[in-house]
Every structure is written in C-alpha cells, then in structure tokens.
Amino acid sequence: MTTEDQQEHRTAPGTGDPRTGEAIRGTARGTAPAPLSILDLATVGVGYSPGQALAATTELARQAEQWGYHRFWVAEHHGMPGVASSTPAVLLAHLGANTTTLRLGSGGVMLPNHAPLAIAEQFGLLEALHPGRIDLGLGRAPGTDPATARALRRGHAEGADDFPLQLSELTHFLDGDFPSGHPYERLTAVPKGEGRPPVWLLGSSGFSAQLAGRLGLPFAFAHHFSSANTLPALDLYRTSFRPSVVLSEPYALIGVSAVAADDETSARRLARSAALGMLRLRRGNPGPIPTPEEAEEYPYSPVEADFIDSWLDNVVLGAPGQVADGLESLRKRTGVDELMVTSHIHGHEARFRSYGLIAEAYGLTATT
C-alpha cells in the first residue's frame, strides 16, 4: 500500500457505521422523476425581522414535509443581514422538533470555522434527538468576508488548506475509531448513538468534488452560484470516485435557484430582488433582500445590469410547468441523482407559493 493509499485508508469516513449509506439516496415522491429537496437560507427581506424569517423557515419545513420534499438543508453564513441561519445546528434542532419525517441537514457547515470535535458533538446530539433524519454537509469556504472569517477562526491555525485533515479528524470523532497511539485516541464525542449522520461534501469547484470522489462520499455542488463549473466538477467527482463503505457508486445533487409564479414575468420580477441582493453582497454592501419594487427602481449601471442578467440566466424561473421542465432538463443534462431548489426571494408568501407550485408541477404531490 502506497503512502497516498494509507492516508486515504485512514481518512475514509463511514467505517464505524455502514448503515449510513442507506440514508444518502433520496426518495422520489408522488410521480416526480427524481428526489427534490430544499436549501433554505432563512431569508430576511426588507421589512421583516430575523425572528419572522426564522418562524417562516419553520413553517416552510412543515409544509415541505407535507409537499413531499426529501430533505431540508440550511446553510452557515455570517455577517449577512439577509440570511438568518448563522448556526445550522441550532436551527436544525428547532426544525427537527417541528417536523417528523423530513430529512434535515447542513448545506453546509463551514468546517474551517470550527473545531472538528465541536461539530461531532453538535451533530451527534442532533442525531440523538432526531435519529435517522440528520445530514452533515461540510464546506471549506468561510461563508463570509475575510475579516469575519478571521474573527470566527481566532485561535485556530487551520484554514481551508487543512480541510482534508479536519475532515479526517471529524469523521474519526463521529465513528470513535482513532488509531492506536493517536493523541485523541481516548477522546469521545458525546453523545454518540447507534448511528451517525452521513457526511456530504459541498463545493463550487473541483477540490471538494475530487476529495468526495476519492473518499467515496456523496457530493453536493453549488450550481446556483457557480454554474460554469457544474459539469466539470461532476465529471471530476465521478471519475475520481472510489467505492467505500458508505457508497458503492457516486451520488450527487446540485443546488438550483428556482422561482415559480403565475407566469414568467411575475417570476422574473421576484427573482430580480435576489439578484440585486447578490449584487450588493458582491460589492461589499450586504443587506436584507430588497423588495421587487426596489429592484425595479434601482438605477443599474451597464456593468450592474450585465451582472443582473447573468445571475438571472442561472435561475430556473417561470410558470410552474416551465420550472418543472427546466429542472428536469437540468437534471438530465447533468446526470445528477437529486435536485435541491432554493427560492431566495423577498416575501414569505411568495417563497412559500414558489415551493408549493414547484412541488405540484414536478409531481411530488401527485398520487402514484
């Protein structure tokens, strides 16, 4: 066995609980051609408070369970007034108490921001609270600006470059199988139940795609903000894949921005609010998601207008049937096993309606 093989053998997750693989593959509900899930950012729009946004996310999770969505993930973001999900583990505990069957997970936890033992404890606790329903999605980006990242990581020497080693440490804590002689051999992440959450790697480039493939883990790609890299990253994941205790073959999903309304004009109007919010974030001026009226009245420069148009080109939007057709076309083009939609738009009623229309049009609510 080569040195590289030995390292991968030591770091391959899942050796402690082979049953985790059963929880990875999604279930297509109703007459849907594939599993459909939700990535929710606890969106805070202009005129709403974080408390109202979190209450809306809770109600959305309940509705998602009724509509037939397979998973409901929340993401770690910091210093963004338009996103209230700064601490996924806390929010997931609350969502688990308000749902019964929906899979819940992080999309994701930004591992370099945390001590691996702390994440193992948090998600071990979540698994104990809601057994068989928790996913642990991990990313290596900070989820924020450089200054906030430094504040989060104060006292930690590790960063994104050490992600594989942090992942190795985390999975050994989850499985309780540090090798003899390791400094942490006698440490235990408590609580630890009969099972443990399956680990997913998240990414928007090839690094996590290749790492997920080499470790035999499921992979989630951020198509919603890195569409140019989607096909290359998925190809790299599949060609790099090595069967593991967790998976015998690749399993991939992609995050997709999707907005459904009565017609394409209405959907595009809603989507422009998210596009303006992203423009401001990229300019270093994050804030709550603007209203559609504000997005219409904003005086875009030619460069800003190009950014908005480019952003909207990556959103699957329109009447419900248009969105369902667009999602299915994207699924077939990418060959992914599952789609995870996100409607990061202003107004809780508009978001709820978008997800409900998508569920119906894609066949989740149909009787088989």
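The structure is a predicted model, in which local features require a pLDDT of at least 70 and side-chain atom pairs count only at pLDDT 80 or more, whereas totals for chains, interfaces and linings use all residues. Residues are numbered from 1 along each chain as its sequence is written, and side-chain values use heavy atoms, with hydrogens and water left out.

The secondary structure of the protein consists of 13 helices and nine strands; helices (H or I, at least four residues) and strands (E, at least two) are DSSP runs, numbered from the N terminus. Of the 368 residues, 53% are buried, a term that denotes under 20% relative accessible area, with exposed meaning over 50% and partly exposed lying in between (1.4 Å probe, protein chains only). A contact is defined by heavy atoms within 4.5 Å. Among contacts with a separation of 6 or more, 76% are made by residues 24 or more positions apart.

Strand E1 (residues 36-40) is largely enclosed by the rest of the structure, because five of its five residues are buried. Leu 36, Ile 38 and Asp 40 are buried on one side, and Ser 37 and Leu 39 are buried on the other, which leaves both faces covered. Strand pairing requires that DSSP find at least two bridges between the strands. E1 runs parallel to strand E9 (residues 338-342), to which three bridges join it, and Ser 37 stands opposite Met 340 of E9. Three bridges also connect E1 with strand E2 (residues 71-74), again in the parallel sense; here Leu 39 has Trp 73 as its bridge partner. Between E1 and E2 the chain passes through helix H2 (residues 50-67), and this β-α-β crossover is right-handed. The term right-handed applies if, with the strands pointing away from the viewer, the path from the first strand over the helix to the second runs clockwise.

Ala 42, in the loop between E1 and H2, has a positive phi of about 45 degrees although it is not a glycine. Its relative accessible area is 0%, so Ala 42 counts as buried. Ala 75 occupies the loop between E2 and helix H3 (88-97) and is likewise buried, with a relative accessible area of 3%. The C-alpha atoms of Ala 75 and Asp 40 are 7.3 Å apart, although 35 residues separate them in sequence. Beyond neighbours within four places in sequence, the contacts of Ala 75 include Leu 39, Asp 40, Gly 107 and Gly 108. Gly 107 and Gly 108 are themselves joined by a cis peptide bond, with omega at about 5 degrees, and Gly 108 belongs to strand E3 (residues 103-110). A cis peptide bond also links Val 190 and Pro 191.

In helix H8 (residues 230-240), the buried residues are Thr 230, Ala 233, Leu 234, Tyr 237 and Ser 240. They lie on the same side of H8, because they cover an arc of only 140 degrees around the axis; the arc is that of the directions from the helix axis to the C-beta atoms. These buried residues pack against H7, strand E6 (219-221), strand E7 (252-260) and helix H12 (320-334). Just after H7, Gly 216 adopts a positive phi of about 70 degrees.

A nonpolar core is a set of buried Ala, Val, Leu, Ile, Met, Phe, Trp, Tyr and Cys residues joined through side-chain atoms within 4.5 Å. The largest comprises 82 residues, and Phe 72, Leu 138 and Leu 201 are among those with the most contacts inside it. Apart from it lies another core, of 17 residues, including Leu 270 and Trp 311.

The whole structure contains 12 aromatic pairs. Rings of Phe, Tyr and Trp (its six-membered ring) pair if their centres lie within 6.5 Å; planes under 30 degrees apart are stacked, over 60 edge-to-face and the rest tilted. The rings of Trp 73 and Trp 200 form an edge-to-face pair, because their centres are 5.3 Å apart and their planes stand at 80 degrees. Trp 73 lies in E2 and Trp 200 in strand E5 (residues 199-203), so the pair ties together parts that are 127 residues apart in sequence. Both Trp 73 and Trp 200 are buried. Ring pairs also link Phe 219, Phe 221, Tyr 237 and Phe 241 into a cluster.
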